[in-house]
Amino acid sequence: MPKKLLCAFLIFCAAAVAQASDLIQVTGTLLPAAGAARLWQRPEGAEGKPVAWLLVHADHPGTHTYPVAQGRIPNSFPTKITPRFQGENAPFLIGEFKGATPALSHEFGDAVLEEWHDAFDAVAPVWLRAGTRLASDPVDAVLGYAPEAEIDALCCDENTCTPVHETVLFLPERNTETLDALLAAAAELYPAVPDSETPAAGTLVSGGLGRNLLYAFFGGMILNIMPCVLPVIGLKIVSFFEQAGKRRRRAFFLNLCYAAGILSVFTVLALMSVGLSYLFTYGAFQIVMGCVVFAMALNLMGVWEITLPAFLGGRRSGELMGKEGGLGGWFKGVITTLLAIPCGAPLLSPALVWTDSLIKSGSVISVLLIYWVIGLGMAAPFLVIGAFPELLRFLPKPGAWMETFKKVMGFVLLPAVIWILFSMPLGLIMPMTALLASLWFACWLLGRDQYNPDRKRLSAWLFALAVVAVTVLFSFRLPFLRGETYPLPTLQGGFEEKLVRWATRAARSGELVRGDWRLFDRNEFDAELLRGNTVAVDFTADWCMNCKVLEGTVLRAPEIVSLFREKGIVTMTADWTSRDQTDESREIGTLLNRYGGQQVPVLMIFTPENPDEPVILRGLFTKETLIKEINSLEK
């Protein structure tokens, strides 16, 4: 009996699969290049214009399917067409499939559903990879790698819906009349995007090496006056006082070491191919930077001074944060540059976008050159002062007053620590506070024993490190200890649970009320555009001080908020504070990359008529500039 039941079940499954296959009949055609390419975004790594087109035709009589663009509607079932090559290392890239069949639409709750009835056509371009040349006919060359596509669709009639899955091979066809008609039809269904030969709006992909080097140099100089850097510049002011009246050679050496520290950071960034705003999206980097700046503040206030035991490098060999030596100058250059990173600079964006295109093309030397020029721009004022120390003659001579000035500079550094705390994910703030308290105790302990014999100082170092290590262990949820259950009680875990409880109670009581600037969500963003609304997206981060200045003085100003309401513009905040690999952060990173690189602040205003060419405002801008751009949207 069981065998008969098993056989019957297998027969039933085979019949169901056969029925599903009969619901949709799919054919694939490979056509030579023809028509305009304005509707298709060129894939990353491709160049030129399409060399061929893939056409999918599907017949599903008596049923309807949902268009590929239907994916913009939450909880829908769009047709998915996934192309690929069977051959390895194909010199081609296949673009996104777009439907060329008009869809019927009807309301479904708050959304508008679109349907393809009885049949549909979809087309996708084939591009040549960058740096590749063809020696034969493009269609024959593409056929050599056997292109195919997997079709996943939902075929529905009045009563039932059946998921179908088909694999289609593409056969050659030389007549492009059908293709021209399909491209013309698609042009009416999809808003135009930039031509495949045109850079995305708001970017600077080319423009000459000289121009981009100039942007890089002056952008680097601007980093010295960014709000993020001003507290640490006080450290250099202290060193300037110490340099006043000294020999030219000594002053130049100290500033050269400072410049070397700056260039060291930019060299690492170039080799890592990391954008200037990227590091502060990592919680671990914020923790390390907060601890370093806090330790520097305690050093300036006289709580401690690095003095290693003799067998670890000589008496008073460290002096990284005390009286400036070569190593101290280098260290200050590193810290100043790292703190300058989140501010970025408006003039840096074009150079960094161009650098991003060089990274993708594999031009390592050019990438290094751009980052080095940024570093030279940041170091230039200090190199000039080092070369001409007579510029410092107006400064008072070193004296006892400098001890008071150094302590004041230590207190000036503390707001930088508070700013780093503010920029952290909420769950890290309480454990970070505990870590700073243990660090304070450790520095005090080292400062108390800094003039004792080596054995006592070594014991102080070991005890101080043990205190900090135990604090870290019971404060943070460490990645290498994470599993289904974390083995230790931690401040981070307890504080995160408290935040969840608070958010839950606030949601129940209705205290979580949306303001004018709602949190960015890709589904809501797409839905608003489909409803015909203009959407303004503020790309920001808590670690970006320029972002906060812009929000406080421009974007949240009463007249700007009133203007957004008057024009019916939907406003969204794209919070890029944490690179936590959620869908939201990935979508934000994708949009930033598409329109000019991953730097903030950026404001993009998307219109339903032309959603792929937004108005882009970078860096700090005025209310007058924003009002002018908003009013120009109606023209």
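Modeller: A nonpolar core is here a set of buried Ala, Val, Leu, Ile, Met, Phe, Trp, Tyr and Cys residues joined through side-chain atoms within 4.5 Å. The model is predicted. Its largest nonpolar core comprises 86 residues, and Val-537, Phe-539 and Val-600 have the most contacts inside it. Helix H7, residues 283–300, supplies the largest share of this core, with eleven residues. A second, separate core has 31 residues, including Ile-94, Ala-149, Cys-155 and Val-168.

Turning to the cysteines, the count comes to one disulfide. The bond joins Cys-544 to Cys-547, with an S to S distance of 2.4 Å. This pair counts as a disulfide because its sulfur atoms lie within the cut-off of 2.5 Å. The link of Cys-544 and Cys-547 is right-handed, with 85° about the S-S bond. Both partners are buried: Cys-544 has a relative accessible area of 0%, and Cys-547 has one of 1%.

Cys-155, a member of the second core, is buried at 2% relative accessibility. The closest cysteine sulfur to that of Cys-155 belongs to Cys-156, and at 7.4 Å it is too far for a bond. Cys-291 also counts as buried, at 16% relative accessibility, because buried means under 20% relative accessible area. For the sulfur of Cys-291, the closest cysteine sulfur is that of Cys-443, 9.5 Å away, so the two are too far apart for a bond.

Definitions and conventions:
Residues numbered from 1 in each chain as written. Predicted model: local features only at pLDDT ≥ 70, side-chain atom pairs only at ≥ 80, totals over all residues. Heavy atoms only, no water. Buried < 20%, exposed > 50% of the residue type's maximum accessible area, 1.4 Å probe, protein only. Helix = DSSP H or I, 4+ residues; strand = E, 2+ residues; numbered from the N terminus.
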